Amino acid sequence: MLFRSFLYLGVPRALSSLPRSSTAPLSHTISAVSNIVACPSCGASNRIPDLGSGQHAVCGRCKTPLGGQPVELTDANFDRVISDGRATIVDFWAAWCGPCRMIAPILEELAAERSDVRIAKLNVDENSHSSARFGVQGIPLLVFFKDGVEQGRVVGAVPRSQIEAAIAQYFA
């Protein structure tokens with residue numbers, strides 16, 4: 001009932017006017033209304049705007065990176081993004097690839113949940129230079145980078161547990 005009124009009005013009402021009798025807690029209602037994320041370190045609420053390519057959100061209070069969506073890579077920004085000191089997993093993918101679409105939700109979950117690892121995506125059809133440079137033969141291909149140096153690879157649509165095991169192995 002709560003969300004139906006939002007759709008009817010076309011814009012969300014002020015949060016103070018939301019009914020408290022909703023079945024969802026107010027924190028869930030706020031998250032549904034706008035893009036508000038709690039900091040995993042200090043618990044502060046942060047409103048996250050739509051970020052451009054290569055940008056990431058940080059907590060306004062403690063500056064801890066906040067989870068979000070995977071970073072879109074191109075041939076132009078590839079080296080800069082992977083060599084900035086953060087552990088980065090690059091997903092070499094293509095829009096027509098069924099296994100790539102199967103693994104995408106797992107990578108989005110990891111991007112939202114983990115602040116210690118950045119998830120990035122490179123479309124091999126649109127960025128052939130980087131694909132050739134890393135000898136991409138099959139997709140999806142996850143390449144693990146630390147300080148711009150390749151640490152390892154995982155090929156194929158693998159389960160989340162295998163990706164997490166690779167993170168532990170390559171970024172330990």
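Helix α4 passes helix α6 in a right-handed crossing; that is, the near helix is turned clockwise from the far one by less than a right angle. This is a predicted model, where local features need pLDDT of at least 70, side-chain atom pairs count only at pLDDT 80 or more, and totals for chains, interfaces and linings use all residues. Residues are numbered from 1 along each chain as its sequence is written, and side-chain values use heavy atoms, without hydrogens and water.

How do the axes cross? Those of α4 (residues 98-113) and α6 (residues 160-170) come within 10 Å and cross at roughly 50 degrees.

Which residues make the contact, with heavy atoms within 4.5 Å? From α4, I103, I106, L107, E109, L110 and E113. From α6, R160, I163 and E164. They divide into 5 nonpolar, no polar and 4 charged.

Now the rings. Aromatic rings pair if their centres lie within 6.5 Å. The count is 7 aromatic pairs. F78 lies in helix α3 and F134 in the loop between α5 and β6, so the pair ties together parts 56 residues apart in sequence.

Next, F78 and F145. Centres 5.8 Å apart, planes at 85 degrees, so edge-to-face (over 60 degrees). F145 sits in strand β6, 67 residues from F78.

Ring pairs link F78, F92, F134 and F145 into a cluster.

Key. Axes fitted to C-alpha atoms, helices over the stretch in contact; angles between N-to-C directions. Helix = DSSP H or I, 4+ residues; strand = E, 2+ residues; numbered from the N terminus. Contact = heavy atoms within 4.5 Å. Nonpolar A, V, L, I, M, F, W, Y, C, P; charged D, E, K, R; others polar. Phe/Tyr/Trp six-rings, centres within 6.5 Å; stacked < 30°, edge-to-face > 60°.
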